[in-house]
Amino acid sequence: MDDLKLETARSNIDRLNSEIVSLLIERMNNVDKVAEYKAEHGMPIFIPEREKSILEKVSQLAGNEYAEDIIPVFQAIFAASCHREERKIKLGTV
């Protein structure tokens, strides 16, 4: 790979990072809505069956080549989402 290709790839990664952050913010805004519903209905924050179902879908979407790399990313997103739900409910900001 030459320098120009490297810089192009890095520029693309920077652009994608910006898009990913925007999507994660949108996701967290929806997590807030879920947290509010769960708080109102006395539901647990962590629902293992839901996480398992989502991971299966993500694995299918990612395909064999990428699933092993993408699943841990979604597990980290789930952990951050649960943490946000817990914090919002505890602080009463939902």
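Predicted model: local features only at pLDDT ≥ 70, side-chain atom pairs only at ≥ 80, totals over all residues.
1. Basis. Local features need pLDDT of at least 70 and side-chain atom pairs pLDDT 80 or more, whereas totals for chains, interfaces and linings use all residues. Residues are numbered from 1 along each chain as its sequence is written, and side-chain values use heavy atoms, without hydrogens and water.

2. Shape of α2. Helix α2 covers residues 48–91; helices here are DSSP runs of H or I, at least four residues, numbered from the N terminus. A kink of about 130° is centred on Gly63 (the angle between axes fitted to the seven residues ending there and the seven starting there). Gly92, with a positive phi near 70°, follows α2.

3. Contact with α1. The axis of α1 (residues 3–41) comes within 9 Å of that of α2, crossing at roughly 50° (axes are lines fitted to C-alpha atoms over the stretch in contact, with angles from 0 to 180 degrees between N-to-C directions). Residues of α1, including Leu24, Met28 and Val31, meet residues of α2, among them Ile77, Phe78 and Arg84 (heavy atoms within 4.5 Å).

Conventions:
Helix = DSSP H or I, 4+ residues; strand = E, 2+ residues; numbered from the N terminus.
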